[in-house]
Every structure is written in C-alpha cells, then in structure tokens.
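Open your viewer and get the selection tool ready.

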Amino acid sequence: MLTPKGIAAVTAAVCSLTGLVSAKEKPVDMKLKAELYDSGIRHEQIMALKNRIWNELDSQGVYDSTQYPPTDTEPVTDFIACKDGFASYVPGDPKYTFKCSNLDLYDFKTHAQLGSARGHGAGSWGWYNHRSGREFVAIAQEDGTSFSEVSKQGKLIYLGRLPKTNKADNSLWREIKGYKHYVVIGSEAVDHGVQIFDLEKLETVDPASPVVFNQEGDLAGFWTEGLPVGRSHNVVTNEERDYGVAVGFAPRNATLRAGLVFFDLKDPKNPKTLGGTGQDGYVHDAQCIVYRGPDRKYDGRDICYGYDEDSMTIFDVTDKKNIQIISNTSYEGASYTHQGWVLDPMWQQYLIMDDEYDEVDAIGPGADGYPISYIWDITSLEKPKQTGYYKGLRKGIDHNQFVRDGFSYQSNYALGISILDLRSVPQDPTGKGIKEVAYFDTHPEDDHLPGGGNITFTGSWSHYPFLPSGYIVINTMDRGAFVVKASTDLRKV
C-alpha cells in the first residue's frame with residue numbers, strides 16, 4: 001500500500017498525464033492502473049470524500065427530508081410550469097424555487113413520505129405494465145427501496161417498501177435495475193446480496209394501506225453466492241439474454257477481482273451463478289446488451305461495455321465461463337471512469353460516457369469544473385476511438401445517464417437533471433452539435449455560486465426516463481423524488 005506521500009505523487013501523476021483539454025483515446029497506463037486503481041486507492045479516496053461531505057450535510061440536517069414540504073397541487077391535474085426559467089411551489093422562497101428549462105414540475109414527495117426513516121436517495125428504476133397501462137417506480141434509499149405508482153396526472157402514489165436485507169447495515173449505495181416485471185436490487189452493504197422483487201405485487205396494493213414487504217415471504221428471489229462478502233457496487237441486467245450482473249463487488253483481491261459476475265434470471269426464484277471475469281480488475285458500472293452494429297465480427301454476440309475506473313473496457317461475455325476482453329482503452333482526462341450508455345442499442349456505433357472525478361481533480365476537459373460527456377466511436381469494438389466531448393453549461397459533477405431516442409438524460413448531482421440532444425453525433429462525432437434541450441435543477445442551494453453550480457456530491461443521484469407517459473422520476477439524495485415532464489417536443493427545441 002502506498003504511503004500518503006506516495007498517494008499524492010500518484011495523484012499528481014494523473015494530473016500531469018491528463019492535463020490536456022482535447023479528447024482522445026490512449027493506451028491504459030499499466031503502472032498507474034496498478035498503483036492508483038487496482039490497489040483501490042482512487043476508489044477509497046472518492047468514497048472518503050463522499051462520506052465526509054455526506055456526514056457534514058447530515059450534521060447540518062440537510063438529509064432530514066421532513067423539513068421539505070411536498071408540492072400542494074390540488075386538483076391532481078395541476079402542475080407547476082417552468083416559466084421564465086423557474087418553477088416554484090413555495091412562491092418567493094428560493095429554497096423551493098428551481099431553475100429549469102422545458103421541464104415542468106408535476107410532483108414532489110419527501111423520502112419520509114416515501115416510507116424511509118433515513119432518506120439518502122440513490123438508484124432508481126421503473127416498470128410499465130402493458131396489460132393495465134399502469135406505471136411504477138422503485139426509489140432506492142439508505143434503508144431500503146420504496147415503491148410508488150406514477151398516476152396519469154404525474155403524481156407519486158406511495159404503495160410500500162422493501163427494507164434492506166435483514167443482516168445488512170444501512171448503506172448510502174443502493175442500486176436498482178429492471179428485468180421484465182422484476183427489479184434487481186444491490187447494495188454496498190456487507191451481507192446484503194441481491195434482492196429480486198416482483199413489481200406485479202404492487203398491482204393489488206391499496207394506497208390507503210401501504211405494505212412493508214419482507215425478506216422472507218415477499219421476495220421473488222435472492223442471490224448472493226457469487227458475492228464474496230455479499231456486497232456489490234452496482235447491478236446490471238440483460239433482459240434479452242435473461243441474466244443479471246453484479247459489478248464492483250468487494251474485495252478486490254478475491255478470485256474475480258470485483259469485476260463482473262453473472263447470475264441467471266430465467267427463473268428468478270432460483271438464480272444461479274453463471275460465471276464471471278476479473279481480467280480487468282474492478283468494474284464500476286456496465287451496460288450489457290446483444291451486439292447489433294457495424295462491427296460484423298461481433299454481430300449477435302453478448303457484449304458488456306464496462307466502465308472500469310481508468311478505462312472503457314469492452315467484453316465479449318457470450319460464454320460466461322470464458323469471457324474475453326475485446327478492448328481496454330483509456331483517454332485524455334481520465335480520472336474515474338464512471339458510467340455510460342450506447343446511443344442506439346439497435347446500431348451500436350457510438351456511446352456517451354462520463355467521468356465522475358475529472359471535475360474534482362480539475363484535469364483534462366473538466367479542469368474548469370463543468371461536467372464532460374465523452375463521445376466514443378465504437379465502429380470497431382477492438383479499436384474504439386474517442387472523437388470529442390460535450391461540456392455542460394453549469395458547474396457540477398456528472399453521475400448517471402441513460403439514452404432514450406437519441407437524448408441523454410443525465411443525473412448530475414447538485415445540477416439535477418439535464419437532457420442533451422445527441423442526434424447530431426453520427427454526423428458530427430466531435431460533439432459540437434450536441435445541445436442541452438432541457439434541465440431541472442433539484443438543488444437550488446448552490447445556484448448563486450460562480451458557474452451556477454457546485455462541484456459536490458449531493459443532489460440528484462439517479463432518475464428513470466423510460467416511462468411511456470414521458471414522466472421522469474428523479475431520485476435525490478437529500479429531499480426525495482421529483483416528477484417532471486417536458487413542456488414541449490424536445491425534438492424541435
């Protein structure tokens with residue numbers, strides 16, 4: 001393990017190596033990878049900084065969601081329009097006046113209203129029942145997962161919650177993904193495992209009597225055998241191939257080195273471990289889908305795009321017992337490769353990616369504190385090229401993004417949600433044609449700062465943008481869940 005002086009030297013090396021403002025792919029620096037990333041030092045630095053910030057905010061009462069009044073929008077068809085760049089549900093109070101563009105506010109419920117004694121929002125996901133036409137969302141919190149219906153009027157109707165696994169402690173890291181009518185829930189808490197919950201259970205819940213589900217009788221399934229200590233940083237699903245994936249599972253020195261481990265979801269009641277890989281060490285996040293795109297060599301193969309702290313790594317996971325790395329590529333400005341999404345799953349030629357720490361490190365294109373969305377040309381899976389980037393309009397840190405119909409929906413911590421039009425990328429992969437078409441700032445406390453935001457780890461952790469109704473549910477760490485919807489056709493902005 002490096003000494004504090006050694007850590008400082010390695011961090012300085014990152015800054016010197018990535019202090020450029022262009023965007024270009026480059027080989028992975030294997031020495032730096034071993035010393036700063038594979039060792040876990042960089043991840044520990046980030047988690048320590050986050051915990052310090054969160055403890056400070058907690059001591060100030062910021063995470064006591066009961067202090068935030070919910071929206072009062074009776075009758076239920078009402079909403080709060082984004083007008084002249086603001087939406088306010090407590091007129092004249094800056095704490096409840098949100099900067100915005102082209103997104104109207106339909107509802108806000110506190111974490112306390114959503115059943116949590118602790119709050120601290122994290123991941124989220126949703127489900128649309130094609131038979132009933134009803135829409136549901138799952139909201140991760142420190143002490144479990146909250147379930148609500150999103151009404152036709154865009155209101156959150158709380159239905160109940162699934163507490164954390166009995167043996168596990170509370171955790172600020174809880175992530176959710178969907179598989180058909182199930183959600184798959186993982187956590188950084190030791191002994192948590194992966195909970196598999198059937199959202200169809202919500203169909204019969206009376207909102208007047210929300211249900212607290214239990215681990216013993218209400219889970220559709222539970223999986224932990226592939227997790228050395230029962231914890232994972234994130235979970236991923238591939239609905240087409242019927243499997244789930246746990247990534248970033250501690251410890252790093254175990255057999256699969258906190259990389260990718262797969263479990264079968266064909267029978268959610270009986271998930272079985274399928275295999276995994278630790279060839280590139282720790283994987284922070286991933287998107288696993290069937291390949292369809294220009295690289296005909298891999299047509300129909302099962303591919304995972306991995307975001308591996310210092311690189312974007314593409315895996316062929318078709319054979320779960322014999323996973324292969326197709327490519328492992330770093331880039332100028334790399335500080336902590338966090339998450340990304342392909343622009344079009346039916347033609348995988350480009351993907352958009354974020355780095356969670358370049359704004360904090362003040363290096364590369366993110367040196368001035370404005371969040372960077374990196375563009376990758378993956379025409380060749382074996383030789384991906386970074387072709388450009390988009391720089392955000394307000395200072396902050398990017399976190400989780402998903403792409404729907406050519407638009408990237410980004411949860412960027414204290415900046416709230418931002419929607420980018422990526423449809424120009426195939427014609428101009430430099431990113432110069434990308435534009436922000438909508439945003440809703442859920443954290444007005446820092447709007448007065450230079451650059452219109454703050455480089456800090458609070459605010460919007462995640463959101464769910466795939467509901468057919470167009471409602472977007474935003475899960476925030478401090479307050480609770482917001483429901484917003486575009487006020488205009490974003491394709492014409």
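Start with the largest pocket, which holds about 870 Å³ of space. This is a predicted model, so a local feature needs pLDDT of at least 70 and side-chain atom pairs count only at pLDDT 80 or more, while totals for chains, interfaces and linings use all residues. Residues are numbered from 1 along each chain as its sequence is written, and side-chain values use heavy atoms, with hydrogens and water left out.

Select Trp 125, Glu 239, Ile 289, Trp 341 and Phe 466: of the 31 lining residues, these lie nearest the centre of the largest pocket. Then colour β5 (124–128), β9 (174–179), β14 (234–238), β18 (285–290) and β26 (400–404), the elements that give two or more residues to that lining. The largest share, five residues, comes from β18. Strands here are DSSP E runs of at least two residues and helices are H or I runs of at least four, numbered from the N terminus. A pocket is an open set of points on a 1 Å grid over the protein atoms alone, where a 1.4 Å probe fits and protein lies on both sides within 12 Å along at least five of seven lines; lining residues have an atom within 4 Å of a point. Its volume is the space filled by probe spheres set on the points, which are joined across faces, edges and corners.

What classes of residue make up the lining of the largest pocket? There are 16 nonpolar, seven polar and eight charged residues. (Nonpolar covers Ala, Val, Leu, Ile, Met, Phe, Trp, Tyr, Cys and Pro; charged covers Asp, Glu, Lys and Arg; the others, Gly among them, are polar.)

Next, pick Arg 404, Tyr 409, Gly 470, Ala 486 and Leu 490, which lie nearest the centre of the second largest pocket, lined by 17 residues. The space in the second largest pocket is about 350 Å³.

Stay with β32 for a moment. Five of its seven residues are buried, so β32 is largely enclosed by the rest of the structure. Look for Ile 474 opposite Phe 482.

Now walk from β31 (residues 472–476) to β30: four bridges join these antiparallel strands. Ser 460 has Thr 476 as its bridge partner in β31. Five of the five residues of β30 (460–464) are buried.

Time to look inside. Show Trp 54, Phe 147, Ile 419 and Phe 440, the residues with the most contacts inside the largest nonpolar core, which has 89 residues. Helix α3 (residues 41–59) gives the most to this core, with seven. Apart from it lies another core of 19 residues, among them Tyr 298, Tyr 307, Ile 314 and Leu 351. (A nonpolar core is a set of buried Ala, Val, Leu, Ile, Met, Phe, Trp, Tyr and Cys residues joined through side-chain atoms within 4.5 Å.)

For rings, the whole structure gives 27 aromatic pairs. (Rings of Phe, Tyr and Trp, its six-membered ring, pair if their centres lie within 6.5 Å; planes under 30 degrees apart are stacked, over 60 edge-to-face, the rest tilted.) Zoom in on Phe 147 and Phe 197, stacked at 4.6 Å centre to centre with 10° between the planes. Phe 147 lies in strand β7 (residues 144–150) and Phe 197 in strand β11 (residues 194–198), so the pair ties together parts 50 residues apart in sequence. Then select the cluster formed by Tyr 89, Tyr 96, Phe 98, Phe 108, Phe 440 and Phe 482.

Last stop: the backbone. Most residues other than glycine have a negative phi, and most peptide bonds are trans. Ala 250 and Pro 251 are joined by a cis peptide bond, with omega about -5°. Pro 251 sits in the loop between β15 (243–247) and β16 (260–264). Ala 258 lies in the loop between β15 and β16, and its phi is near 65°, a positive value.

How values were computed. Buried means under 20% relative accessible area, exposed over 50%, partly exposed in between (1.4 Å probe, protein chains only). Two strands pair if DSSP finds at least two bridges between them.
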